[in-house]
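Trainee: I would like to go through the labels used for this model and see what each one rests on.
Mentor: Then ask about them one at a time.

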Amino acid sequence: MRLLHLLVAVATTADAASWLTRWADDADCIDGVRDLEVLCVDDDLVVDEAECTATKPSTTTSCMDTITVIVDATLGNDENNGTEAFPLRTLRECIQRFGFQYSYNKNEPDEQLRQLVCALKGGIYNDEPSTPLDSADHLLVRPFDEELVIFDGTDPYWDVRWARHELLDNVVTASIPFSRRPEVIVGGHNIMCANESSIVDGNHDPKAGYGTARAPCFAWSPDDAWVLGDAAFALDDAVAVYERGETLSSDRNVPWFWVDERKGEVHVDTSKAPSTYPIRIKNETRKDVLSIDDGCHRIHVRDLYFYGTSCCGAGPEYNSLQSTDLRLTRSRFLYAPADGIRLKSTKQTKRGGTPYVKFENNTAEFGEGALYYKGTGARILGNYFAFNSFEQRTAYTLNNMAQRSVVAHNTLLYNGDKAGHYSWARGNIHHHNLVVGQDFLGPQFDAAVFHALTGAQEGLVIEYNWVLGPSLVSFARLDTAQSTQPDEAGRYTTIKHNVHMGLGMTTKGYNHTIEHNTGSRFLQVESWASIDDHNLYTVARYNAHSEVKSRGSTLEYDAIPGYASLNLCGDLVVCNPRNHTAPPELTRQLRPLTDGVQGELINGAWPAVDTSGVGEGEDSFNEAGVIDGDDLLGLFEPHEIGTPTAEAMDFRPKADGKLVWNCGSDCDGDGGTYGYVDQKPSWSDFDDYAGAYRVDDELWVPGCHDCVTGGKYGGGVFPYVPPEFAPSSSPTAMPSTTRPTPKPTPEPSVAPGNPTAAPVISWSPTPRPVRVRQTLAPVALAFSVSGELFFEGLTCEYVEDNEDVFVAAIADLCGVDAAGVSIECAVSDGDAPSRGVRRLQSDGVVVTYEVTVATAADAAAVAAAIVGITTDDVDLALDRAASDAGVDLGAATATAVGAPAWDSPAPTPLPTAWLSSKKNKKTARMVVVISVCVCLGVCCLLAACGGGSYYGCKQ
């Protein structure tokens with residue numbers, strides 16, 4: 001494997017490589033010395049140290065003594081001083097009282113300055129309401145002495161009143177206050193169902209959130225860390241049983257409880273349920289344990305457990321105040337809320353130049369959302385994601401706006417997100433990842449496990465991964481837009497040594513290198529949209545696929561374009577138009593894979609339905625390369641699709657099979673292609689095999705091997721059983737749950753990051769929460785101007801993904817700072833917006849904006865500016881903002897500009913924590929409190945006095 005060789009090859013910047021230093025992982029300050037990670041970096045890419053000509057910096061630095069504050073959720077008190085004898089009670093108090101604020105800006109403070117360690121004693125922390133860091137620096141949050149620390153974002157629902165089901169003798173029913181089905185946890189179990197409403201699919205028609213015959217649901221078992229029955233069940237079946245009292249055959253896999261989202265009820269089959277089934281509900285105010293905001297530097301959260309809550313907030317609020325070196329490691333998440341896990345170093349939407357983040361050795365199971373990160377040179381390593389995002393089917397399990405990420409050794413099992421990792425900017429590297437069942441039981445989406453936009457294909461590497469179905473998205477997809485011109489198309493991607501069974505691969509653009517892949521199907525496009533010579537110089541060699549096709553081919557036999565030779569497929573003339581460039585002694589040995597590729601492997605029969613069809617004929621193709629798989633998956637009931645894992649698979653070729661050739665001296669060297677950019681490739685050495693593995697290769701198995709133990713595949717369950725409690729009443733002659741005698745907390749026998757067991761911990765009942773009255777901060781007023789811009793050629797999802805572009809354009813039009821602009825998007829019905837709908841219709845979308853300014857005079861100026869703009873002005877401003885951000889707006893066009901309106905708002909208290917920051921105090925002082933009309937010469941602002949649509953003149 002030549003990953004380092006390849007990394008050097010794709011570093012194309014003209015700048016010389018230079019040394020980069022940062023704190024090493026777990027590098028605590030010991031005896032005044034801290035270890036450093038020292039890397040040779042070129043264009044945000046780690047390269048061989050020989051590339052750096054300057055003297056290598058020291059791998060250690062001096063440091064000031066660490067300040068360690070002890071927190072104990074059980075025995076602590078926030079009035080204490082934070083010593084081990086007198087610990088605090090909450091992490092919140094540790095951060096707010098002791099946090100260091102060194103910088104207040106986007107620059108890292110001196111690395112030698114003190115670090116605050118909030119060391120948490122073992123126990124349950126359930127009073128952490130998304131505490132903002134308020135520009136804190138040099139913060140480490142970890143357990144004290146490797147004790148088991150669990151953040152619980154759920155509350156017990158005490159007023160459960162079970163009633164006998166109207167039709168079923170063994171079923172009890174209770175009304176519960178909730179808005180989303182995944183908010184409710186019953187006896188530690190949770191349910192998610194595929195969304196039956198329309199889900200946006202880029203510029204394609206919206207579709208329902210499932211691809212099976214009926215909508216699937218999943219019930220998570222905390223005892224197994226896997227879904228009940230190892231499969232889905234049909235939503236209709238659960239409704240039939242629990243809401244209509246019907247009887248079904250046993251193979252339908254309906255769980256012992258059901259959450260009726262429509263009526264707000266929970267049903268429990270007491271004949272199948274455990275002896276107790278307490279109900280807990282996620283608390284929206286505790287959806288994050290802490291929230292990283294503006295100018296937070298060197299923040300590390302490690303070795304913690306999160307139950308119904310998450311980390312680490314929405315990120316910086318201001319474009320100019322980035323947060324640098326953010327790390328979340330060796331932690332485990334169960335039932336994460338809708339926003340999932342977030343690690344954002346910037347608010348900016350730009351390709352490159354944003355700070356570093358690291359997400360390593362974490363486990364995320366059955367969350368409503370998965371991961372969203374922002375940063376340049378990010379490391380997403382050794383993580384485990386299982387069964388996340390079914391209700392939402394968000395865009396990506398590893399969603400991001402990042403450049404030069406290394407995404408390696410991750411395991412993604414049966415996640416509901418449409419796609420895996422989003423390559424939004426250039427130079428991302430994906431290797432040794434195991435992905436099974438992406439977009440599980442979902443519909444065909446315009447997406448892929450490894451999806452690269454046009455501008456993200458330069459330097460993209462996809463190597464040594466296993467990606468297995470069933471899935472109606474592609475394994476890898478190199479994309480272009482319909483408006484993309486040849487000189488704008490993506491280039492220089494490397495896809496090598498991957499196994500993709502049950503998913504196809506689609507390539508567009510130019511000068512890619514596609515070698516030694518084993519998979520179901522391969523679609524190499526020649527003509528599509530504005531480009532009629534895609535892949536003209538793409539190298540495609542040594543691949544083994546059951547079926548290979550081209551789209552828009554002009555070659556004989558409809559062969560694939562480019563330098564394609566020494567491939568194996570069902571029809572050799574289709575996948576080898578350049579076989580004349582290879583040694584005849586090799587090409588003579590090629591035999592078609594008439595029975596597919598799996599039979600040529602030691603154990604390649606992946607036990608899942610193959611939904612990777614690429615279709616026949618021009619009318620059958622689509623961008624994702626999948627056309628018949630959706631019809632195939634639609635034949636199955638949800639419970640008929642199992643969830644196998646990949647432990648027993650061996651994708652190496654059989655020694656006497658078609659993937660292995662006899663070769664003489666021509667195969668003594670390495671026949672691969674390296675560093676291919678624009679020059680015509682030539683080869684003096686050749687390989688004697690096709691597919692991902694050589695016959696005598698060691699069986700490398702990708703995925704997470706060292707992450708926090710979790711899940712059926714990883715082995716081990718989440719080490720937390722919430723406290724039990726009794727319902728307030730039970731119906732006569734029905735099972736009742738008695739309040740248990742409080743049990744002592746056992747000494748944990750498991751340490752995060754290296755668990756040896758999965759202890760079950762019981763606590764006495766959680767007390768009812770006590771309302772805490774907060775002292776209001778000083779009041780500040782501001783004026784706002786609002787209006788609407790109408791567009792066609794856009795979806796609201798696209799607007800929301802590129803919010804910074806629209807904010808910057810509106811700020812430009814209004815002559816204000818972007819920090820004072822906010823937007824919302826909705827579908828237009830032709831005359832007015834239809835709030836809350838998120839799909840593209842013929843009438844386009846409407847972007848509603850609000851511009852907040854300090855004075856009435858400023859509001860008048862903004863309103864006047866808006867009155868004078870045209871749709872052409874809007875288009876020009878958007879073009880400038882998109883160009884600055886490196887975003888392609890495609891065919892987006894402004895169609896109308898609504899009249900502005902402005903208001904003098906009621907006083908709004910500024911949060912105390914916000915005012916405590918020096919930078920925010922300065923901002924607050926700039927906000928003028930106005931309670932009277934402001935007159936400018938003969939023009940008086942009528943709206944401030946309650947009249948006029950936005951302003952007027954008065955003699």
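**Labels and the values behind them**

Mentor: Pro470 is found in the loop between strand S44 (466–468) and strand S45 (474–478). This is a predicted model.

Trainee: What makes the peptide bond from Gly469 to Pro470 worth a label?
Mentor: The bond is cis, with omega near 5 degrees. A cis peptide bond also joins Cys311 and Cys312, where omega is about 15 degrees. Cys312 is in strand S27 (residues 310–312).

Trainee: Why is the pair of Tyr335 and Phe366 called edge-to-face?
Mentor: The structure holds 30 aromatic pairs. For Tyr335 and Phe366 the ring centres are 6.3 Å apart and the planes stand at 75 degrees. Rings pair if their centres lie within 6.5 Å, and planes over 60 degrees apart count as edge-to-face. The pair is therefore edge-to-face.

Trainee: What does the pair of Tyr335 and Phe366 tie together?
Mentor: Tyr335 lies in the loop between strand S29 (332–334) and strand S30 (341–344), and Phe366 in the loop between strand S32 (363–365) and strand S33 (371–376), so the pair ties together parts 31 residues apart in sequence. Tyr335 and Phe366 are both buried.

Trainee: What makes the pair of Phe387 and Tyr414 stacked?
Mentor: The angle between the planes is 25 degrees, with 5.6 Å from centre to centre. The cut-off for stacked is under 30 degrees, so the pair of Phe387 and Tyr414 is stacked. This pair links distant parts of the chain, 27 residues apart. Phe387 is in the loop between strand S35 (384–386) and strand S36 (396–403), and Tyr414 in the loop between strand S38 (411–413) and strand S39 (419–423). Both Phe387 and Tyr414 are buried.

Trainee: How do you know that the charged end of Lys508 sits over the ring of Trp528?
Mentor: The charged end of Lys508 is 3.6 Å from the ring centre of Trp528. The distance limit is 6 Å, and the charge must also be within 35 degrees of the ring normal. Arg298 likewise lies over the face of Trp23, at 5.3 Å from the ring centre.

Trainee: Why does Arg214 count as buried?
Mentor: Its relative accessibility is 19%, and buried means under 20%. Arg214 therefore counts as buried. Arg214 lies in the loop between strand S17 (204–207) and strand S18 (216–221).

Trainee: What joins the side chains of Arg214 and Asp237?
Mentor: A polar contact of 3.1 Å joins them. The limit for such a contact is 3.5 Å between N or O atoms.

Trainee: Is Asn362 buried or exposed, and how do you know?
Mentor: Asn362 has a relative accessible area of 1%, so the residue is buried. Its place is in the loop between strand S31 (357–360) and S32. A polar atom of the Asn362 side chain lies 3.1 Å from the backbone oxygen of Glu360.

Trainee: Why is Gln96 called partly exposed?
Mentor: Gln96 has a relative accessible area of 46%. Exposed requires over 50% and buried under 20%, so Gln96 falls in between and is partly exposed. Gln96 is in helix H2 (residues 91–98). Gln96 and Ala136 are 40 residues apart in sequence, with 8.7 Å between their C-alpha atoms.

Trainee: How many cavities of 30 Å³ or more does the count give?
Mentor: The count is 7. About 120 Å³ of space lies in the largest cavity. Of the 16 residues lining that cavity, the closest to its centre are Trp23, Ala24, Gln115, His300 and Arg327.

Trainee: Which element gives the most to the lining of the largest cavity?
Mentor: S25 does, with 4 residues. The lining of the largest cavity divides into 6 nonpolar, 2 polar and 8 charged residues.

Conventions: Residues are numbered from 1 along each chain as its sequence is written. This is a predicted model: local features need pLDDT of at least 70, side-chain atom pairs count only at pLDDT 80 or more; totals for chains, interfaces and linings use all residues. Side-chain values use heavy atoms; hydrogens and water are left out. On a 1 Å grid over the protein atoms alone, a cavity is a set of points where a 1.4 Å probe fits but cannot get out, and a pocket is an open set with protein on both sides within 12 Å along at least five of seven lines; lining residues have an atom within 4 Å of a point. Grid points are joined across faces, edges and corners, and a volume is the space filled by probe spheres set on the points. Helices (H or I, at least four residues) and strands (E, at least two) are DSSP runs, numbered from the N terminus. Ala, Val, Leu, Ile, Met, Phe, Trp, Tyr, Cys and Pro count as nonpolar, Asp, Glu, Lys and Arg as charged, and the others, Gly among them, as polar. Rings of Phe, Tyr and Trp (its six-membered ring) pair if their centres lie within 6.5 Å; planes under 30 degrees apart count as stacked, over 60 as edge-to-face and the rest as tilted. Buried means under 20% relative accessible area, exposed over 50%, partly exposed in between (1.4 Å probe, protein chains only). A polar contact is a pair of N or O atoms within 3.5 Å; within protein, one must be able to donate a hydrogen and the other to accept it, and residues adjacent in sequence count only if both atoms are side-chain atoms.
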